[in-house]
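User: I am new to this entry and would like to learn how to read its features one at a time. Please give me the general idea each time, and then the case at hand.

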Amino acid sequence: MATSTLPPSIQARRTTIAMKLVMAVSGSLFVLFVIAHMYGNLKMFGGQAAYDDYAHHLRTLGEPIAPYSGVLWIIRVVLLGSVLAHIYSAFYLWSRAQGARTTKYRMKKAAAATISARFMRWGGVALLLFLIWHILQFTTRTINVNGSHDSPYDNYVAAFQPSVWWVFVIYALAMVALAMHIRHGVWSATQTLGWTGNVRARRRANTLAITLAAVVSIGFILPAVFVLFGVIK
C-alpha cells in the first residue's frame, strides 16, 4: 500500500488550502442563493399577486419533468450541503489558526483587520441561528409571531407589523451580519482563488465585495422597512 512521503507540514498546508477552496466555493453558492432570494423578496413591491405567483412558481420549477417542489428540494439539499461544508471548513481553519498560536509569538493583526473580519466567526454563528429562525417562521411556519396565513405575501406583511417590531429588529441585525459576512467572504474568496495578484485586482475585488454586501443587505431590508411603515400593506 502506497503511503504519503510528504512531511506533515506540507500535508497540513495542502489540507488548509483545500479547506479554503471548500469555503470559497460553498460561500459562493450561498451568495448566489441570497442574491436570487433577495430578488424574489423585491417582488413584494409588485403587490400580492406578484409575490404569491413568485412563491408558487418556485414549487413548479421543472414541471412536468420534475415533480411539484422537486427542483426546490434539490436546491435546498445543495444549500444545506454548502452550509455544512462552509461550517466545517470554517471550524477547521479556525482550529488550525488557534493551534498555530504560541504565547511567545503573537502577531497583532487586530489593528489591520476590518470590522467584518473581526466579527466573521460570531457573525456566522448569528446568521446560522437566524437562518434556523427564518426557516421556522416562513418555510415550515412553526413559529407564528403574528398569525399564519395561506398567502406568502400576507405572511410577510404580518411578520413586520409595528406590533411585532422586535421581529424587524432581529431581521435588521441579521442583515447587518449578512453584509459583513458577504463583504469579508467575497474578499477572502477572491484571494483564495488567486484573483488579487496586483493592486488593481485587489481594488476590484474589494469593490465587488462591498457592492455585493450593500446590494444584498439593502435589497433584503427595504421590503421589511416599507411594511413596517405601512407603505406595503
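Predicted model: local features only at pLDDT ≥ 70, side-chain atom pairs only at ≥ 80, totals over all residues.

User: Where is Pro64 found, and what is the peptide bond from Glu63 to Pro64 like?

Analyst: Most residues other than glycine have a negative phi, and most peptide bonds are trans. Here Pro64 lies in the loop between H2 and H3, and the bond that leads from Glu63 to Pro64 is cis, with an omega near 5°. Residues are numbered from 1 along each chain as its sequence is written, and side-chain values use heavy atoms, with hydrogens and water left out.

User: Which phi does Ser69 have, and is Ser69 buried or exposed?

Analyst: Ser69 has a positive phi of about 70°, although Ser69 is not a glycine, and this residue also sits in the loop between H2 and H3. Burial is read from relative accessible area, with buried meaning under 20%, exposed over 50% and partly exposed in between (1.4 Å probe, protein chains only). Ser69 has a relative accessible area of 10% and is therefore buried. A positive phi, of about 55°, is also found at Arg141, which is not a glycine either; Arg141 is placed in the loop between H5 and H6 and counts as partly exposed because its relative accessibility is 31%.

User: With which residues are Val71 and Ser82 in contact?

Analyst: Contact means heavy atoms within 4.5 Å. Leaving aside neighbours within four places in sequence, Val71 is in contact with Leu61, Gly62 and Ala66. Val71 belongs to helix H3 and is partly exposed at a relative accessible area of 24%, and its C-alpha is 7.4 Å from that of Arg59, a residue 12 places away in sequence. Ser82 is likewise in helix H3, which spans residues 70–100, but Ser82 counts as buried at 7% relative accessibility. With neighbours within four places again set aside, Ser82 is in contact with Ser26 and Leu29.

User: How many helices and strands does the chain have?

Analyst: The chain has eight helices and zero strands, so that, written from the N terminus on as one would read it, the order of elements is α-α-α-α-α-α-α-α. Of its 233 residues, 32% are buried. Among contacts between residues at least 6 apart in sequence, 67% join residues at least 24 apart.

User: At what angle do H5 and H7 pack, and which residues meet there?

Analyst: Axes are lines fitted to C-alpha atoms, for helices over the stretch in contact, and angles run from 0 to 180 degrees between N-to-C directions. Under 35 degrees counts as roughly parallel, over 145 as roughly antiparallel, 65 to 115 as roughly perpendicular and the rest as oblique. H5 and H7 pack at about 135° with their axes 9 Å apart, and they are therefore oblique to each other. Among the residues that meet are Leu127, Phe130 and Trp133 in H5 and Ile170, Tyr171 and Met175 in H7.

User: How do the axes of H2 and H6 cross?

Analyst: The axes of H2 and H6 come within 8 Å and cross at roughly 115°, which makes H2 roughly perpendicular to H6. Gln48, Tyr51, Asp52 and Ala55 in H2 meet Pro152, Tyr153, Asp154 and Tyr156 in H6.

User: Which residues touch the most other members of the largest nonpolar core?

Analyst: In soluble globular proteins, nonpolar side chains tend to be buried together. A nonpolar core is a set of buried Ala, Val, Leu, Ile, Met, Phe, Trp, Tyr and Cys residues joined through side-chain atoms within 4.5 Å. The largest one here has 35 residues, of which Met44, Tyr156, Phe160, Tyr171, Met175 and Phe220 touch the most other members. The elements that give two or more residues to this core include helix H1 (8–41) and helix H8 (199–228), while H7 gives the most, with 11 residues. Not counting residues up to four places away in sequence, Phe220 touches Val34, His37, Met38, Asn41, Tyr156, Tyr171, Met175 and Leu178.

Notes. Helix = DSSP H or I, 4+ residues; strand = E, 2+ residues; numbered from the N terminus.
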